[in-house]
Every structure is written in C-alpha cells, then in structure tokens.
Amino acid sequence: MNPAGTKAITEKPPGAAARALRTDVRVTFDDGTDTALLRGPVTSLVLRPVRGPLRTVLLRLAEGPLPREELYEGLDTAGRERADALLERAGQLLAYSVLTHDEPPLRRELLRLEPTARDAGHRVVDVAAGDRVRLSRFAFCRTREGVLVLESPLVKFRAVLVDRAARELAAALGQPGRAGSAGEVTGLSEAETLDVLAHLVGLGFAEVAGPDGTFASDSEPVLRQWDFHDLLFHSRIRSGRYDGVFGAVYPYRGEIDPLPAVKPAPPGPVTELYRPRRAELDAADPSLTAAIESRRSHRTFGERALTARELGEFLYRVQRVRVHRIPGADSPGEDEVVSRPYPSGGSLYELELYVTVLRCDGLEPGVYHYDSYAHRLVLVSAEEADRRALLGVASRSVGFDVHPDVLFTVTSRFQRMAWKYRAMAYATTLRHTGVLYQTMYLVATAMGLAPCGLGNGDADLSARVLGLDYLRESSVGDFLLGTPATGTELPADPGEEWHMVNSPDWAIPLDGHGNPGVGEKSSAP
C-alpha cells in the first residue's frame, strides 16, 4: 500500500540478489561432529549434520557474496532444497548483496543488506530511469566498525556501503534527482544504478516521488508528525527492530571503573537541612488518593515565601538516600547501590538535584547541590547572574516570566547507567526523570505547595553554571516549586467547556491555601 500522492511501485523477486554472510558473522566447522557454527555478535547458530552440498554452500558463503546460481552450482534439486532450508534457518546471520554486473574477477560488491530484526523482509522494487528519487528523511549514514553504513528507523536492514561507488551514490541521493542519472558521479552503469536503487527504495532507505512531486516521508500524515531524532530514539531503545547489544550486559566491567553510587559532594559552604519526623507526616498528610486527585501544575506563586523547613522536608521526602549497600569481599562483581523514595532501574539512582534558591525564608539565595547522603545543601554559586540565567530558561519553557521560590535542576550522571546498560541507558534515565517528577508533584501537593515540572531546559547553560562536564553529567529535567498563589484554587464551576467524565464525586476540594480539603466534595475537575 502506497501513501496518497506517491507512485505505485511494482515489486520484483529478490532472488537476483547475491547471498552473503553478514560482515560480522564467521563460520567454523567441526569435522569430527559434522557441525558448523555461524557466530554473530549477538546470536549464533549451530548446524548439524553439515556435509556434502551444505558444507559446500557454507564454504562458498564464507569466501564472499555469490549470486544464487553460482552459490548452488553443482548441486542437484535435493541439494538446492536443503541449501534453501539452511539459508532460511540462518536468517538474520545472512545478508543480501548487490554486485556490479561484471564477470569475475572484475565483479565488485557494492552494498550488503544486513537484517537487524528477525522478521525483516527483503523487498526489491522496479525503479525506472526517469523516476525522481531521494533518500528518505529518516535515513542517515554513520561509521560502524570502520565501514560507512546507511540506516533508518523505518527499515529493518542495515545497508553496508562496501564500495566507494555505493557511498557516492548515497551522497548523491541527499537531494532529489532522476534515477537514471543518480550514478553519473559513481562510475556505475545505468543498469547497475537502478539495481542498487531497486533495493534501497524497496526497503525504504530511498523514496520515489509521487505524481505530485512529493516524497512519502515529507507528505504522509503519520510520518510528517515524527521528528527524525524521535523516531530513531524510539527504534533503538526497545528490542525487536535493532540488532545491537541490549540490556544489562556490563559492557565495561574490567575496563572502566564504575561511578560510585553516591556522588561526592562538591566543595563549598554547607547548610544543614530540616529532617521531618515520620509520625508527624503520617498524622498530617492527606491520603494518596487526595494527593493524586488534587495534583496539578502551578505557574504562578504566592506572596508567602517558601521556608527552609519546607524545603528541607521536601528534599528529604523526595531524594534523600535511605540506605546504601557496598558489596563485601564475598560478593565480587555486584553493584554498589542505594535506595531513595522513588524507584530506579538496578537501584543505580543516577539523578542529582541542584537547587536554585530565589526566595526562601531562612536560606540565602544561591545555586546549591543537594547532598542526598548527608541531607544538606552545598553552595555551588552565589552569583545573581547565574540564578537569573537559569530562571530565564525556565521562563522561556513556561512561555512567560515565572517567579518561583525554588528551581530544581535534575541532572544525570550518565556513566552510572551506561556502565551497566547498553542501548537503553539514556532512555531509562528519562524514565527515572518522569518518576522523580511524579514523586515531586505528589510530595508538594501533600505539603500544600505549588509544583510545576518543565518540559525543556538548557543543558549547556546549566552545565556551565553548575560546573559540570556536559558528557559526564548534565541536566535532563527542571522543576519549579513555591507556595500557591491566592485565586489559583480549582473553581467550583470550571465552565461549560469542561465536562466531568468519570466519577465527579472523586473531585477533591482545596482549602484557601491550596491544600487538599476535607468535608464536602466539589464538582471541580
């Protein structure tokens, strides 16, 4: 099915493509057991018994890509059927190769198409010389193991640009052009160029313009709403579409020392913080349901200043280190971990809080690091310009000048996660940031304060102000906190545009200070 406005494409049988091992796959034989091992970086396959025609086919594959007829040369019908079954079983360890039309020994491999998912289907289409072609908006080139490759989050293959002509063709496809002339700078014939394009277009690396001159990745409604980096990120942080190493594999164990579970406090003046008593909180807090149902974002704040006692209680309930485990000599290789009030993958807790105090009764304005182990603030910067710079970014995120009492900058010590996880480390940090946001919202609501999580920040600016290395630790979230402004309570009558949907009796009224109230239920959403 083709998107509206695109050219109808005729599929061709893929049998003309040569077969090859992936560039990262090796085959070895055990003659004593008639066994062959195809070993890849992530998956391997043991085949047995491998003798006669099957052994011949594997030996030929190990030498390089071959068209089907040359790969099966000398095999009878039964041998070809067994070889077909072998290639089907090998699946993701094999690749399709596009060759020049020369005869050996002049024939060259142009590109190798390696599947990156088990269900990857190879597709070849008919591209005419007069078609306008271009790389998809989602295609990109990068170096991988010393070779330039073409990839796309829309494609379950990787195109290894083996030959210089293929690399030049990929570059030429950066702008629309006629398919028959796309290879003029490469030295390839028109037939060879169209052969390469039949694979690139068929798989989705490149596109043929529709009758209206547009390309699918620019005009198809669903694709238009994906930014390149978002779709690439989505395709790489969950297994199934990408063949890279994934999960908790400890890739740098024995090579790089892990970061400590607790970040050493920076040098600077120290302010001890108030520590709340659990029994007092249990007696005063609203129910979890009340906190959840009355939680909302505040972008204007009250005349009363936040107090140092409130800030201490908030940080204690949100981010303090509760316990710390250092593996002993009898537990080699185990992680050093901590526990905080919110969940964290692997108990790694890579997030840090920096507190920009703008107005707080009992605490001097400044930019502080929260020492979650000792429950104290360490002054990082007393410069007003630094506070103004961070607040300016927060205001741009909200869309107008905001005047909270405190701005929290959430940073991540990236290598704390990357030392253990591959492919999912940064994605998990973002998940943790969302969990921390929710914890901050619920604690602030329970305390009768005014919270607001922000959707954007300036990681470079905060790294400069906080004295951090952008690649080692920089910001991944920002959060405002203050006291509720008068008149920001939920209205009893929200207006005719608002309609209660599920359980209006659940709506929880607020008192005059913005706290979850008790007594009569409100009809406010």
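Predicted model: local features only at pLDDT ≥ 70, side-chain atom pairs only at ≥ 80, totals over all residues.
Me: In the open sheet of β3, β4 and β5, which strands sit at the edges?
Reply: This sheet has three strands in the order β3-β4-β5, with antiparallel pairing. The twist averages 15° from one strand to the next. An edge strand here pairs on one side only, and that picks out β3 (26-30) and β5 (44-47).

Me: Which residue in β4 is the bridge partner of arginine 26?
Reply: β3 and β4 (residues 35-39) are antiparallel and share five bridges. Within that pairing, arginine 26 has its bridge partner in β4, namely arginine 39.

Me: What angle does the direction of helix α1 make with that of β3?
Reply: Helix α1 (residues 53-63) packs on this sheet and touches β3, β4 and β5. Another helix, α3 (residues 77-90), lies across β4 and β5 and runs at about 155° to β5. For α1 against β3, the angle is about 145°.

Me: Serine 217 has a polar contact with the side chain of which residue?
Reply: Serine 217 lies in helix α6 (residues 216-219). Its relative accessibility is 0%, so serine 217 counts as buried. Leaving out residues up to four places away in sequence, its contacts include Ser136, Phe138, Glu207 and Leu223. The polar contact, 3.2 Å between side chains, is with arginine 134.

Me: How many of the eight residues of helix α15 are buried?
Reply: The buried ones are Ala459, Leu461, Ser462, Ala463, Val465 and Leu466. Among the elements covering them are β20 (351-357), α12 (384-398) and β27 (473-482). Helix α15 (residues 459-466) is therefore largely enclosed by the rest of the structure, and the buried count is six.

Me: And at the start of α15, which residue's backbone nitrogen does a side-chain oxygen of aspartate 458 reach?
Reply: Just after α15, glycine 467 takes a positive phi of about 70°. At the start, that aspartate 458 oxygen comes to within 3.1 Å of the backbone nitrogen of aspartate 460.

Me: Which element gives the largest share of the largest nonpolar core?
Reply: That core has 36 residues, and Leu311, Phe314, Leu315, Val355, Leu377 and Phe408 touch the most other members. Elements giving two or more residues include α11 (308-319), β20, β24 and α14 (425-446). With six residues, the largest share comes from α14.

Me: How far is the sulfur of cysteine 360 from the closest cysteine sulfur?
Reply: Cysteine 360 counts as buried because its relative accessibility is 9%, while cysteine 141 is partly exposed at 38%. The structure holds zero disulfides. For cysteine 360, the closest sulfur belongs to cysteine 452 and is too far for a bond, at 19 Å.

Methods
Residues numbered from 1 in each chain as written. Heavy atoms only, no water. Buried < 20%, exposed > 50% of the residue type's maximum accessible area, 1.4 Å probe, protein only. Helix = DSSP H or I, 4+ residues; strand = E, 2+ residues; numbered from the N terminus. Contact = heavy atoms within 4.5 Å. Polar contact = N/O pair within 3.5 Å; in protein donor to acceptor, adjacent residues only side chain to side chain. Disulfide = S-S within 2.5 Å. Core = buried A, V, L, I, M, F, W, Y, C linked by side-chain atoms within 4.5 Å. Pairing = 2+ DSSP bridges. Axes fitted to C-alpha atoms, helices over the stretch in contact; angles between N-to-C directions.
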